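Here's a quick briefing to read with the structure open.

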Amino acid sequence: MDQHGRKVNPPPSGYKNHRRNMDNDTLSVNPKRFRPSHSPHRADPAPLSSSASSCRALSTRRQLYEKPFPVYKQPVEVGSFSLDSERRFFNDARQIRYFVEPPSRPDFNLRDGYKDRFVKRDDSIKEKLDHILRWILANKSKLESRVAAASSSPALGVDVVTWRGHLTKLLTTPYETREGWLLAATLFRGTLYLSEVETEASRRDTENRTERHQEMMYWGYKFEQYLCAEDMKASPDPGGVVNTNEAFCTVVQTKLADHKLLFSGEVDCRDRGPKSPAAPACYIELKTSAEICTPKQRSNFHRFKLLKWWAQSFLPGVPRIVAGFRDPDGLVVGTETIHISQISHLIKNEYNCWKPTVCMNFCCEFLSFVRTVVREDSPRVVHLFSWDPHQDVTYTVHRDSSYCFLPPWYVEGMGSPH
Ligand code: 0WD
Ligand code: CA
């Protein structure tokens, strides 16, 4: 029910139409979710805190977020950028790839080329938000002219700038039982920037990856190569090199309740048919997963994998996933198209399953929590939000520290007139 006592159902797509009157269906932020960190018990939401700024922790308990689906506007693509084989930034779509329908009995060997035709991105280089910031600077006047028209307060006209992947982690937090996260937040010219910081546990996991696990990480990229062509009329080239430096990223703008979001996400490919819709609706996410042989495996796929797949594609408005199911030797045994709007139906027979509304409400309230906590507008200040499974979200404050992530070229670039 909404504040007027009417039942509010999310539309089948989950997105709200732009023209809809926002005042009526904007979700109001319920301060009951914010709990002071000195609260000795975790079982129930604490009573209303007397002042928002005294809130030190945010609960991630699922039950607290079982409310009507918040307003989530249909994401609009405002631009895109490309990273080439040497990870150089280009303010254009040169790295876009085109989806080519797989044969009904695909003959894809995902292990092919791992030893001799694989260039792996150096992930010890922490890029933080740099590529997005570069895109913002390159498109500053375009963004600012939209703001002038809307006369809203942040210089950029958005409340939050981040990677899509960071938002995916927030969406899945109420259901995550294994991996925690660290998110650095900086308020600069009225816009909140969120950038992930690697946790100790994740650093150790990366270090201790087995050879088998490292090879399996390649399988997803190899699958992309079997299904993607470099231009409209070409065919995929499975004999080529897989280079994970290359990326095409969409930049979308949307609104989650009262939070205006600008984020970027890597897109695998687009539909090349003559009737394909405009971006982001033409984009297709490619995934691989282990072949499903038992009811238990199917249930696990629904409960865990589909949660992550849904969150990642729902956020930027990518409507479908093409999944390749593979055997333990990396041979693709079949492919399937999964429509994001159908995922909630696929999971509805699972007992005690995840709920899209919990994911979206948690993300929304996390952003409100960050807004109440981060008051000082300065690129030199970082609030580090930290979460571990079965705990509340808490934070620490760092001034002029190594956590600072807005580079001087960005701070200066934003200061100068266009
Ligand atoms: O430095 C960091 N901490 C981060 C860097 C965190 C998040 C993202 N990135 C970079 C990635 O390298 C990539 O270029 O941002 C870009 C993608 O951002 P995103 O779309 O927000 O990230 P996400 O949704 O987590 O991943 C999308 C795709 C992945 O597809 P699958 O189907 O596996 O989810 O981006 C790719 C991957 O194809 N990707 C990466 N590629 C190389 N190295 C990485 C990575 N570390 N992470 C994601
Ligand atoms: Ca993918």
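**A buried glutamate**

Glutamate 215 has a relative accessibility of 12%, so it counts as buried, the cut-off being under 20%. Keep in mind that this is a predicted model. Below: what surrounds that glutamate, then the calcium site and the nonpolar cores.

**Around glutamate 215**
- Glutamate 215 sits in helix α6, which covers residues 211-227.
- Its side chain makes a polar contact with the side chain of tryptophan 219, at 3.3 Å.
- Setting aside neighbours within four places in sequence, glutamate 215 is in contact with Arg111 and Tyr114.

**The calcium site**
- Asp268 (OD), Glu285 (OE) and Leu286 (O) coordinate the calcium ion (ligand 2), at 2.3 to 2.5 Å.
- Along the chain, the donors of this ion follow the spacing D-x16-E-L.
- Aspartate 268 is in the loop between β13 (259-266) and β14 (269-270), while glutamate 285 is in strand β15 (residues 283-290), so the pair ties together parts that are 17 residues apart in sequence.
- Aspartate 268 counts as buried at 7% relative accessibility, and glutamate 285 counts as buried at 7% too.

**Nonpolar cores**
- The largest nonpolar core holds 56 residues, and those with the most contacts inside it include Tyr72, Trp310, Phe366 and Val393.
- Helix α9 (residues 356-373) supplies the largest share of this core, with eleven residues.
- A second, separate core has 29 residues, among them Ile132, Val158, Val251 and Phe405.
- Not counting residues up to four places away in sequence, valine 393 touches Arg56, Trp181, Phe362 and Phe385, among others.

Key: Residues numbered from 1 in each chain as written. Chains lettered and ligands numbered in written order. Predicted model: local features only at pLDDT ≥ 70, side-chain atom pairs only at ≥ 80, totals over all residues. Heavy atoms only, no water. Core = buried A, V, L, I, M, F, W, Y, C linked by side-chain atoms within 4.5 Å. Buried < 20%, exposed > 50% of the residue type's maximum accessible area, 1.4 Å probe, protein only. Helix = DSSP H or I, 4+ residues; strand = E, 2+ residues; numbered from the N terminus. Contact = heavy atoms within 4.5 Å. Polar contact = N/O pair within 3.5 Å; in protein donor to acceptor, adjacent residues only side chain to side chain. Donors = N, O, S within 2.8 Å, 3.2 Å for Na, K, Ca; no water.
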